[in-house]
Amino acid sequence: MGSLKLDHPQEDNSNSSPMEMTSALDPVEFRRQGHMMVDFIADYYQNIDKYPVLSQVDPGYLRKRLPESAPDNPEPIETILQDVQEHIVPGLTHWQSPSFFAYFASNVSIAGFLGEMLSTGFNVVGFNWVSSPAATELESIVMDWLGNLLSLPKSFLFSGNGGGVIHGSTCEAIVCTMAASRDQMLSRIGGDNIGKLVVYGSDQTHSALQKASQIVGINPKNFRAIEATRSTTFALSPESLKLAISSDIEAGLVPLFLCATVGTTATTAVDPLGPLCDVAKHHGMWVHVDAAYAGSACICPEFRHFIDGIEGVDSFSFNAHKWFFTGLDCCCLWVKNPGALISSLSANPEFLRNKPTDSKQVVDYKDWQIALSRRFRAMKLWLVLRSYGVVNLRNFLRSHVKMAKLFEGLVAMDQRFEIVVPRNFSMVCFRVSPWAATSKVPPTTPTSNSFHQNGIEINVEKCTNEVNCKLLEAINASGRVFMTHAMVGGMYVIRCAVGVTQTEEKHIAMAWKVVQEHADVILKNNGDDGDANLKLPLLDKIA
């Protein structure tokens with residue numbers, strides 16, 4: 001069977017015939033175009049500081065720039081890359097910019113790139129062992145390596161009858177573990193009782209938990225997002241969990257699944273794993289730990305204590321594509337009982353039957369995930385671990401924490417701002433303080449809920465939130481920095497999350513300068529000069 005051939009563009013001439021060019025996978029042409037692509041990406045990184053971090057385009061911009069239909073004839077890579085530069089790059093929010101401090105980083109590295117190239121180059125579809133033994137076995141080995149780096153109990157490793165698998169996202173990991181817990185529970189209480197199953201998290205737990213519960217078939221009324229308060233630094237209180245479970249049991253419901261978080265999205269709060277497990281295990285619940293962001297830091301001995309109590313949980317996941325220099329997508333999941341996953345997720349059609357599978361001496365990762373097909377993700381994780389080594393990886397993580405401490409110190413030096421919650425890892429949550437936002441509540445006086453101006457009662461918290469919202473909008477509109485926000489305890493909080501590979505201290509200093517510059521303008525316009533006649537922002541809307 002011949003390889004697929006491509007034709008050169010031709011003029012509309014009935015007497016001419018298409019000229020044959022290289023095949024769709026000609027090694028010589030691949031080498032030529034591959035060098036061009038590497039140069040293009042390297043140039044992008046070399047100049048990434050020149051782009052506005054947050055894309056400045058309007059919705060629908062790209063449809064106006066591109067043709068209405070695909071080309072009939074091939075176009076040279078040079079033309080395509082030119083269009084990427086002119087039309088695609090302006091529409092990118094530059095996640096790898098050293099001035100990207102939004103969400104949580106999704107950082108990358110040379111090793112991560114090269115591992116992705118190898119994975120795509122081989123393009124194996126490793127759904128079971130026999131479909132590509134190296135893909136399966138490397139994944140098992142790398143997951144044990146990483147589990148050992150995290151000092152996970154042996155029960156989570158293949159050597160201890162547990163095991164690890166690489167998924168695409170935390171949502172997938174939670175769906176799979178929740179499905180396993182559901183089926184285990186229903187085997188005990190009967191399938192017709194699925195409507196009684198209850199899932200628990202806090203109001204700081206990632207929305208992936210709620211989405212997973214919907215997918216798995218949990219009654220939406222049985223999803224519990226327990227309030228986490230400032231008194232616990234927004235961590236889930238074991239006592240609150242206990243009360244919620246007791247109330248559900250009294251109502252005839254069945255506690256099923258708890259998702260605890262190490263490093264919540266809003267504030268990087270850490271739920272107390274040991275005490276929560278003590279509550280959950282009393283009721284036979286499955287406990288999953290989502291450490292999507294902060295799990296990477298736990299390879300450092302000084303951060304390992306954040307997952308103390310991990311021995312009591314059933315499953316644990318973190319995203320190597322967030323803060324482990326691996327690139328999307330790479331969610332690492334460990335389970336104590338792989339058999340529970342396999343029981344819920346396996347399907348064995350005749351066309352997949354083979355002797356190694358029948359021998360039950362191999363891992364078939366198709367039975368550990370939702371999809372049948374799967375990418376060779378272990379390759380890039382393997383390259384990252386080998387290319388940098390544990391010592392360097394720890395130092396990379398520590399450098400980000402050090403830069404977050406620097407930013408935290410800069411915030412603390414400006415009396416107009418406050419740190420909202422203690423910093424645990426490499427993210428700082430801060431805001432313009434209520435007294436600075438309103439120019440009415442002095443820092444030496446306990447903040448009042450309201451005050452009067454020109455006969456109008458002003459809600460201090462609403463006003464403070466409005467000022468911080470305007471500040472963040474101005475920061476991001478500058479294009480020099482990108483940060484995002486969270487709402488916790490009724491407070492609008494600005495998040496500065498350090499984690500991009502190329503971020504240096506100079507970028508931290510510049511980010512704080514941008515914050516101060518825009519705060520100067522907003523607070524001055526807000527009446528910072530003491531003129532009582534100056535109105536607070538959007539006063540009529542928030543009074």
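This is a predicted model: local features need pLDDT of at least 70, side-chain atom pairs count only at pLDDT 80 or more; totals for chains, interfaces and linings use all residues.
## Buried or exposed: the starting point

A residue is called buried when its relative accessible area is under 20%, exposed when it is over 50%, and partly exposed in between (1.4 Å probe, protein chains only). Glu29, with a relative accessible area of 16%, is therefore buried.

Residues are numbered from 1 along each chain as its sequence is written, and side-chain values use heavy atoms, with hydrogens and water left out.

## The whole protein

Let us begin with the overall picture. The protein has 543 residues, and 49% of them count as buried. It contains 16 helices and 15 strands; these are DSSP runs numbered from the N terminus, with helices (H or I) of at least four residues and strands (E) of at least two.

The accessible surface is about 25700 Å², and carbon and sulfur atoms hold 55% of that. Such areas come from the Shrake-Rupley method with a 1.4 Å probe, and for residues only the protein chains shown count as cover. Two residues are in contact when they have heavy atoms within 4.5 Å. Among contacts between residues at least 6 apart in sequence, 73% join residues at least 24 apart.

How many residues does helix H1 have? Helix H1 has 20 residues, running over residues 27–46. From its first C-alpha to its last it reaches 28 Å, close to the 28 Å expected at 1.5 Å a residue. The expected span is 1.5 Å times one less than the number of residues.

Which residues of H1 are buried? They are Glu29, Tyr44 and Tyr45. These three cover an arc of only 130 degrees around the axis, so they sit on the same side of H1. The arc is taken from the directions that lead from the helix axis to the C-beta atoms. On the face turned away from this buried side are the exposed residues Val28, Arg31, His35 and Gln46.

## Salt bridges

Side chains of opposite charge can pair when their charged atoms come close. A salt bridge here is a side-chain nitrogen of Lys or Arg within 4 Å of a carboxyl oxygen of Asp or Glu, and the structure holds 21 of them.

An α-helix has 3.6 residues a turn, so residues three or four places apart point the same way. Arg32 itself is partly exposed, at 37% relative accessibility. Arg32 also meets Glu78 in a salt bridge (3.0 Å, N to O). Because Arg32 is in helix H1 and Glu78 is in helix H2 (residues 77–88), this pair ties together parts that are 46 residues apart in sequence. Glu78 is partly exposed, with a relative accessible area of 38%.

Another pair is Arg224 and Asp248, whose side chains meet at 3.0 Å, N to O. Arg224 belongs to strand S5 (residues 223–226) and Asp248 to helix H7 (residues 238–250), so parts 24 residues apart in sequence are tied together. Both Arg224 and Asp248 are buried. Elsewhere, a network of salt bridges links Glu116, Asp329, Arg375, Arg377 and Lys380.

## Cysteines without a bond

A disulfide is a covalent bond between the sulfur atoms of two cysteines. Counted as a pair of cysteine sulfur atoms within 2.5 Å, disulfides number zero in this structure. Cys171 is in no disulfide, and the nearest cysteine sulfur, that of Cys176, is 9.5 Å away. Cys171 is buried, with a relative accessible area of 19%.

Cys330 counts as buried, at 0% relative accessibility.

Helix H5 (residues 170–189) is mostly covered, with 15 of its 20 residues buried. Just after H5, Gly190 takes a positive phi of about 100 degrees.

His507 is found in helix H15 (residues 505–528) and counts as buried, at 6% relative accessibility. Leaving aside neighbours within four places in sequence, His507 is in contact with Asp49, Pro98, Ser99, Phe101 and Gln502. The C-alpha atoms of His507 and Phe100 are separated by 9.4 Å, although the two residues are 407 apart along the chain.
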